[in-house]
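Q: I would like to go through the aromatic side chains of this model. Could we take them step by step?
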Amino acid sequence: MGEVRKLQKKLRQIENLEIKISLTPEERFKISRKAELRSRLAELQLQLSGPQQTLGIVGDGKKEKMKRQVEDAPEALPSQTPPASKILKGEEESKAQATPAPAARQKERGGGADTGRRRERTEPANVSDRCRDFDNEQQQREEEAEFASLRLSWEKTKFRLRLLEGHSDIVTCVVAVDNLVVSGSRDTTVKVWHVPTATEHRNLGGHTGGVTCLSAPPPEYCKRMAWSLSLSDKERFILSGSADCYVKIWALSIGQCVKSIYTFNAVTALCFVPEEDGYIVTGSDGGKVQAWSWHTFENCQSVNAHQEAVTSIQSQGPLVFSGSAEGGVSVWENRCSDRDPLRLLHHWSGQVTGCGGGPGGRVTLSPRGDRVFLAHGRAWLKILHWRTGTMSRLTNHSSTTGVTDWAHQTGGLLIGSCYDLANGESSLNLFSLPQCRYLASLTWPDAPRILCFAAWTTGSGDHRWVTGGRDLIVWEQLPSSGKQRSDVTVRRDSRLESCSLESDGDTEDEEDTDDCEDEDDRDEGRDDRADDGEGGGSGSWLRCLLQ
């Protein structure tokens, strides 16, 4: 496995190099070896193929996986049907309690009435248990039928893909506003696209560094801003963050920047928090989290929250979640005060999340209730139960060469990006929520690596998605019964179907895939450092992005 890990590491480094603007002759030579390295990796994987590799990262073969599920199985929950042995055992105990021994009958001849009453109390209880078990079984059958219907509908789904051309560099972030798509790029521009016609609507230039993040305030907060600027009540605004240390607020209809906030640090993540008067929360390349008033645009709070760059900020009601390159996740409560509105509830380090030292040093978050889905460049999604710090894991790729760049939740779907370092194939994996059961995978010819994603639904309930990276593409769901041909291929990976949601730590040896060095790695340490940049490997993805 040592050579496999080494090849995976080098391919990840090449992926980081390929998104750089300028390359040295040595870096160009490294990239030219990608096909050779992929071929060698595929050869090694073929040699190692078998039950252990079929299930990928989630187990040591089917027997071990089943063994873990039995060992880790919790006590029977109310929604679960008890085993038949327990039901029979319970019946025997009830009969024993209801039928006294012969000696007892002789000794307590006057207790026949009490025995009868006990029997009357026991029998209704047994009937009630059986009815409850029957109801649970029926509910499980209904849920299984509903899931099968959902999976079948996705197997028949069709999408039309339309390329949005205009950016001269990789697209780093996207958001959807009404029938518009807004994209930010390393080319320093923010572009607004009209989805129905797939044409460029506005080109918002003003940043002097790469645009790293976007956020769209809700309409009610846009209305307040529009009133203060004497603009139409229907005006929509977009926030953009950049490596030039600025957050800019853009009015989409007029295509102008109406406010600039200087943050003193490269902005690597931001989020609008729609609570009270509204807040803008930003993250910097140095690990700082800052809060800004939407009403006054003044800084309310600055906290050195993380050791490395903040790569993702998301909100859920009054809660704010921040994730960083070292793998740490912080949970904040917004107290809606003028000073220091963010109160730290929990901080879980990279040692807890298992995301520390990941390839490229990029963690993206997607919160849902008490769980936060974490994508960090591996073949699986981590799930943090943020109140307790317990971790679980969801397989998102059938091979350890898979990379997950982000996860997104829309309706009852969990969507995760999937990129294979070994062959360059890219896809979107769909899971049902809240069970996280695998539904299907969507791909198309020559699909590039997908670095960002946004989703919305039409009035008729059809899905509209936009993916960004090397290409900016709009996905338009088509009627499944129509004659129009789909641009997307729907497939099912049986290996993902056999992999369930598991407790984290089942396969500890795979957590250090990129941290484990063999003798050859140490001999080539200088080359690896050149690939990762001067500051080490943990932030290489982000540094390439900002260059």
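Q: Is W475 buried or exposed?
A: W475 counts as buried, at 0% relative accessibility. Buried means under 20% relative accessible area, exposed over 50%, and partly exposed in between (1.4 Å probe, protein chains only). This is a predicted model, in which local features need pLDDT of at least 70 and side-chain atom pairs count only at pLDDT 80 or more, while totals for chains, interfaces and linings use all residues. Residues are numbered from 1 along each chain as its sequence is written, and side-chain values use heavy atoms, with hydrogens and water left out.

Q: How many aromatic pairs are there?
A: The count is 14 aromatic pairs. Rings of Phe, Tyr and Trp (its six-membered ring) pair if their centres lie within 6.5 Å; planes under 30 degrees apart count as stacked, over 60 as edge-to-face and the rest as tilted.

Q: Why is the pair of F159 and W475 edge-to-face?
A: The ring planes of F159 and W475 are at 75 degrees, so the pair is edge-to-face, with the centres 5.6 Å apart.

Q: And F159, what is its relative accessible area?
A: F159 has a relative accessible area of 1% and is buried.

Q: Which residues form one aromatic cluster?
A: The cluster consists of W154, F159, W406, W444, F453, W465 and W475.

Q: Changing topic, which residue lies over the face of W380?
A: R393 does, at 4.7 Å from the ring centre. A charge sits over a ring if NZ of Lys or CZ of Arg is within 6 Å of the ring centre and within 35 degrees of the ring normal.

Q: What lies over the face of Y246?
A: K248, at 5.0 Å from the ring centre.
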